[in-house]
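Below are some notes to read alongside the sequence and the coordinates.

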Amino acid sequence: PSHSPHRADPAPLSSSASSCRALSTRRQLYEKPFPVYKQPVEVGSFSLDSERRFFNDARQIRYFVEPPSRPDFNLRDGYKDRFVKRDDSIKEKLDHILRWILANKSKLESRVAAASSSPALGVDVVTWRGHLTKLLTTPYETREGWLLAATLFRGTLYLSEVETEASRRDTENRTERHQEMMYWGYKFEQYLCAEDMKASPDPGGVVNTNEAFCTVVQTKLADHKLLFSGEVDCRDRGTKSPAAPACYIELKTSAEICTPKQRSNFHRFKLLKWWAQSFLPGVPRIVAGFRDPDGLVVGTETIHISQISHLIKNEYNCWKPTVCMNFCSEFLSFVRTVVREDSPRVVHLFSWDPHQDVTYTVHRDSSYCFLPPWYVEGMGS
Ligand code: 0WD
Ligand code: CA
């Protein structure tokens with residue numbers, strides 16, 4: 001690209017050591033008391049239809065249907081002939097969330113206390129849940145780095161992921177087997193989800209990954225007010241089911257566990273990602289489908305997010321929720337000290353690779369800019 005990154009000036013030095021050009025990801029630094037994390041509150045939701053069109057409503061929500069104790073689910077079924085795959089070469093960045101914010105601007109602004117000055121939206125950070133999941137797991141990640149673009153606009157920090165060179169290569173070099181296995185998770189959803197309260201799942205239908213139902217939640221991590229959105233698989237359809245997000249259920253598939261070593265790896269690596277993703281929006285449970293190498297589901301299990309820390313306690317050298325949350329909080333503080341200029345034309349690109357510190361570069365009027373004109377103008381009025 002023509003915009004060559006140049007090193008940023010150090011953030012203006014305040015009184016403390018918090019002004020620096022790099023942030024360590026060493027686990028030991030974050031073994032501190034669990035930070036404040038307020039119960040996430042759903043402030044809205046939106047839907048993306050089969051053609052990826054945005055709707056400011058819950059039309060795409062699906063209802064969880066309890067699987068039989070001996071399920072007969074073949075996750076390979078329909079891959080060749082009943083699968084419409086989203087075009088992931090289209091980079092949507094934060095666009096859907098921004099659309100939701102504009103559509104709900106007055107509702108959001110009315111939540112801001114009359115006395116408070118900035119930020120205009122009443123939140124410090126706007127991002128996807130998936131980006132926060134990556135931050136939470138960073139102190140334990142040894143394989144994949146990340147790039148996060150940050151822009152301060154009207155006192156709110158917007159964080160949007162940028163694809164890394166390595167991730168682009170991995171996507172390009174996916175094997176046919178790997179591509180098929182990515183379908184298995186969506187097929188599992190189809191076996192367990194019904195379109196409305198009284199219907200049954202339709203395993204004969206088409207799997208279309210353009211369709212999505214996303215919750216928008218507000219919460220607070222330490223002193224950061226967060227607004228983020230995450231895709232939700234389905235909700236409990238019981239008459240006494242709690243209000244969102246407590247009624248939501250995350251669906252997952254994983255390889256069948258046959259040995260103690262496999263169980264240990266499941267606890268140490270997979271449960272970290274599953275915990276981080278669902279803990280953030282306050283989704284209380286996961287229904288996991290365990291499948292054999294041929295894509296046949298051999299059993300399902302409900303995992304309560306609140307029980308995960310107990311499940312992993314006996315693992316040697318295991319991950320700790322407090323390290324994840326403290327790292328995320330301190331990363332957001334770091335970004336705050338670095339990003340001072342309030343402008344949609346400025347992007348600070350935060351970059352991290354395993355075994356390295358988080359560093360950043362500054363880019364003005366570059367192709368990294370991600371707040372679209374329609375949003376900047378829409379927020380102006
Ligand atoms: O960089 C990203 N991850 C972006 C995601 C950039 C811009 C948009 N999105 C969209 C996704 O397409 C999706 O609609 O955001 C939505 C999901 O956001 P999220 O909830 O913050 O993402 P995450 O927690 O990583 O994923 C949740 C689910 C996944 O479920 P599993 O059980 O596999 O974790 O969203 C789906 C997937 O079902 N999902 C995607 N679907 C299609 N294409 C993608 C993707 N790239 N990423 C996640
Ligand atoms: Ca899922």
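1. His267 sits in helix H6, which spans residues 260-279. Helices here are DSSP runs of H or I with at least four residues, strands are runs of E with at least two, and both are numbered from the N terminus. With a relative accessible area of 7%, His267 is buried. The cut-offs are under 20% for buried and over 50% for exposed, with partly exposed in between (1.4 Å probe, protein chains only). The His267 side chain makes a polar contact of 2.8 Å with the side chain of Glu315. A polar contact is a pair of N or O atoms within 3.5 Å; within protein, one must be able to donate a hydrogen and the other to accept it, and residues adjacent in sequence count only if both atoms are side-chain atoms.

2. On conventions: this is a predicted model, in which local features need pLDDT of at least 70 and side-chain atom pairs count only at pLDDT 80 or more, while totals for chains, interfaces and linings use all residues. Residues are numbered from 1 along each chain as its sequence is written, chains are lettered from A and ligands numbered from 1 in the order in which they are written, and side-chain values use heavy atoms, with hydrogens and water left out.

3. Lys273 is also placed in helix H6. Lys273 is partly exposed, at 39% relative accessible area. Between Lys273 and Arg53 there are 29 Å in space, C-alpha to C-alpha, and the two are 220 residues apart in sequence.

4. Which residues come nearest to ligand 1? They are Arg52, Arg129, Gly130, Glu231 and Lys252, out of 17 residues around the ligand. A residue counts as near if one of its heavy atoms lies within 4 Å. By class the shell has 9 charged, 5 polar and 3 nonpolar residues. Here Asp, Glu, Lys and Arg are charged; Ala, Val, Leu, Ile, Met, Phe, Trp, Tyr, Cys and Pro are nonpolar; the others, Gly among them, are polar. Helix H3 (129-137), strand S12 (224-231) and strand S14 (248-255) each supply at least two residues of this shell.

5. Individual contacts to ligand 1 can be checked by eye. A polar side-chain atom of Arg52 is 2.8 Å from an oxygen atom of the ligand. Glu231 has a polar backbone atom 2.8 Å from a ligand oxygen, and for Glu250 a polar side-chain atom lies 3.0 Å from one. Taken alone, ligand 1 exposes 780 Å², of which the protein buries 73%. These areas come from the Shrake-Rupley method with a 1.4 Å probe; for residues, only the protein chains shown count as cover.

6. Ligand 2 is a calcium ion, with protein donors Asp233 (OD), Glu250 (OE) and Leu251 (O) at 2.3 to 2.5 Å. Donors are N, O and S atoms within 2.8 Å of the metal (3.2 Å for Na, K and Ca); water is not among the atoms, so sites may look incomplete. The sequence spacing of the donor residues is D-x16-E-L. Asp233 lies in the loop between S12 and strand S13 (234-235) and Leu251 in strand S14, 18 residues apart, and the pair links distant parts of the chain. Asp233 and Leu251 are buried.

7. The structure holds 26 aromatic pairs. Rings of Phe, Tyr and Trp (its six-membered ring) pair if their centres lie within 6.5 Å; planes under 30 degrees apart are stacked, over 60 edge-to-face, and the rest tilted. Tyr158 and Tyr375 are an edge-to-face pair, 5.7 Å centre to centre with 75° between the planes. Tyr158 is in strand S8 (residues 156-162) and Tyr375 in helix H9 (residues 373-380), so this pair ties together parts 217 residues apart in sequence. Both tyrosines, Tyr158 and Tyr375, are buried. One aromatic cluster is formed by Tyr30, Trp146, Phe327, Phe331, Phe334, Phe350, Trp352 and Tyr360.

8. Some backbone details remain. Ala244 and Pro245 are joined by a cis peptide bond, with omega about 5°, and Pro245 is in the loop between S13 and S14. Arg154, not a glycine, has a positive phi of about 55°; its place is the loop between strand S7 (146-153) and S8.
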